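Subject: Structure for you to look at

Hi,

Here is the structure I promised. Please open it next to this email, as my notes follow below.

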Amino acid sequence: SAFQRFLFTAVLNTLDLVLFKNPPVLNYLLDKVVTKDLLRGALEGLYRYDPTRVDDELIDSFYYPAKEKGAPEALGQIYTNDPGRSPMDLHAKYSDKADSLVIHLVWGDDDAVT
């Protein structure tokens, strides 16, 4: 409904302002809150069917970049920059070519991310 869309947009805009466009807050979170154990738990939740695939190397690949100088700004940009055209917009623009593109999409009913 229109109210739900309004409410959801308001929540995301608030989160955007308070967190993602606020480098000092992001810096604190990345510095003091994000730990290897926290990342391990989050990643194991994504690898639901085989959490043993979450090894130290995978955790380090997320952990150490988050500790680099400039990480708060980079993370803020990832979440707040313009995402670009939607797949529907691209399909409308290139509809003459869209039917000839081969796309392999794997999706599941138990997708833990979306």
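In which hand, left or right, does α2 cross α5? The crossing of α2 past α5 is right-handed. Keep in mind that this is a predicted model.

First, the helix packing. Helix α2 covers residues 23-33 and helix α5 covers residues 71-80. Their axes lie 8 Å apart, at an angle of about 110°. That angle makes α2 roughly perpendicular to α5, because 65 to 115 degrees counts as such.

Next, the residues that meet there. From α2 come Pro 23, Leu 26, Asn 27 and Leu 30. From α5 come Ala 71, Pro 72, Glu 73, Leu 75 and Gly 76. By class, the contact has six nonpolar, two polar and one charged residues.

Now the aromatics. The structure holds two aromatic pairs.

- Phe 20 and Tyr 79 are stacked, with 4.6 Å centre to centre and 20° between the planes. Phe 20 sits in helix α1 (residues 2-20) and Tyr 79 in helix α5, so this pair ties together parts 59 residues apart in sequence. Phe 20 counts as buried, at 17% relative accessibility. Tyr 79 counts as exposed, at 53%.
- Tyr 63 and Tyr 64 form an edge-to-face pair, because their planes stand at 85°. Their ring centres are 5.1 Å apart. Tyr 63 is buried, with a relative accessible area of 18%. Tyr 64 counts as partly exposed, at 43% relative accessibility.

Best wishes

How values were computed: Residues numbered from 1 in each chain as written. Predicted model: local features only at pLDDT ≥ 70, side-chain atom pairs only at ≥ 80, totals over all residues. Heavy atoms only, no water. Axes fitted to C-alpha atoms, helices over the stretch in contact; angles between N-to-C directions. Helix = DSSP H or I, 4+ residues; strand = E, 2+ residues; numbered from the N terminus. Parallel < 35°, antiparallel > 145°, perpendicular 65-115°, else oblique. Left-handed = near helix turned anticlockwise from the far one by under 90°. Contact = heavy atoms within 4.5 Å. Nonpolar A, V, L, I, M, F, W, Y, C, P; charged D, E, K, R; others polar. Phe/Tyr/Trp six-rings, centres within 6.5 Å; stacked < 30°, edge-to-face > 60°. Buried < 20%, exposed > 50% of the residue type's maximum accessible area, 1.4 Å probe, protein only.
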